[in-house]
Amino acid sequence: MTIGELLKEKRLAENKTQKAWVGHIISTSYYAKVEKNIHRITAEDLLAILKHNDLSITDFFEELADKKDELKAQVNSLNKTVIDAVCHSDVSKVNEVIQIIKKMDLPTKQKQELILINKGFIETIKNDLSDNYQPDKNIVQQLKDKIFSIPNFNRFKLELYTNCMQFYDYTTNIMITKQVIHKIDQFKSDKELLAIAGILFNLLSQLVEEHHYQETAPFIAASEHLPFLPDLYFPQTGISLLKYLISYHFNKKTADLAKAEMIAQTYQITGLEDFGKGAQEIINEVKED
């Protein structure tokens, strides 16, 4: 919840018009846009409005913080639900999450971004389930535009790009990933590193599936700079599987193939059947190269 939204909630609870609520502090037209999150309000004007309406400044900001924490926890919970749904190729579950987001008391921009990202997940699942599926061009373009509009690789851009890589051709993914790994030492948080691990896994998967083994070396080298963290276990395991397959392609050592198959079997027995099947399909393709 934003300051403007909480002000509106308080005003409606008092059954006051916008004009009565702001008095002569700021114009009614300007304040209306504050409630809609179009304009920002200065600290001085906010405090004056709270005082004008006999509202406790401390209580107002404590309630604002509580509502933000509650929404953040709800968004995080939904994100975990979506991740699980993607792992199990469950389109209906992602659609359920989208409907929940539409009803949430979130800023319009954040709500639109979350809905777009989850629509992208649906396109990803459908694309994985069918070799003949044609992703929704409008959604794909919106996702690409969103990624392009963010000037630097912050956490949001890294995570968004990770989830959209399959909508790019391998040459574009190589170019973008090289930009990321060029600055890999600048990323410190676990969430940023998790996104980078996902990017490297996705790119290596694409290069192996499209038989561009000669292009994999710099990205394997970059993956070895990632720290060993619990949150990175899953993508790093996938990267290890791909490393063994790439090594097998060049050296034909059966030990590398056996290790890759062991990882695929681990996916299967730990409840990640779809990932296990996908991994085994890649292994079988590499065997036939």
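Me: Is N53 buried or exposed?
Reply: This is a predicted model, in which local features need pLDDT of at least 70 and side-chain atom pairs count only at pLDDT 80 or more, while totals for chains, interfaces and linings use all residues. Residues are numbered from 1 along each chain as its sequence is written, and side-chain values use heavy atoms, with hydrogens and water left out. Buried means under 20% relative accessible area, exposed over 50%, and partly exposed in between (1.4 Å probe, protein chains only). N53 has a relative accessibility of 6%, so N53 counts as buried.

Me: Which backbone oxygen does the side chain of N53 reach?
Reply: N53 sits in the loop between α4 (43-52) and α5 (57-87); helices (H or I, at least four residues) and strands (E, at least two) are DSSP runs, numbered from the N terminus. Not counting residues up to four places away in sequence, N53 touches K16 and W21, where contact means heavy atoms within 4.5 Å. At 2.8 Å, the side chain of N53 reaches the backbone oxygen of W21.

Me: How are α6 and α7 oriented, roughly parallel or roughly antiparallel?
Reply: Two packed helices are described by the angle between their axes and the distance between the axes. Helix α6 (residues 91-103) packs on helix α7 (residues 108-129) at an angle of about 170°, with axes 10 Å apart. Angles under 35 degrees count as roughly parallel, over 145 as roughly antiparallel, 65 to 115 as roughly perpendicular and the rest as oblique. The angle of about 170° therefore makes α6 and α7 roughly antiparallel.

Me: Is A279 buried or exposed?
Reply: A279 is found in helix α15. Leaving out residues up to four places away in sequence, A279 touches L241, A264 and Y267. Its relative accessible area is 7%, which means that A279 is buried.

Me: How far apart are the C-alpha atoms of N284 and N152?
Reply: N284 lies in helix α15 (residues 273-288) and, with a relative accessible area of 33%, is partly exposed. N284 and N152 are 132 residues apart along the chain, and their C-alpha atoms are separated by 39 Å.

Definitions and conventions:
Axes fitted to C-alpha atoms, helices over the stretch in contact; angles between N-to-C directions. Polar contact = N/O pair within 3.5 Å; in protein donor to acceptor, adjacent residues only side chain to side chain.
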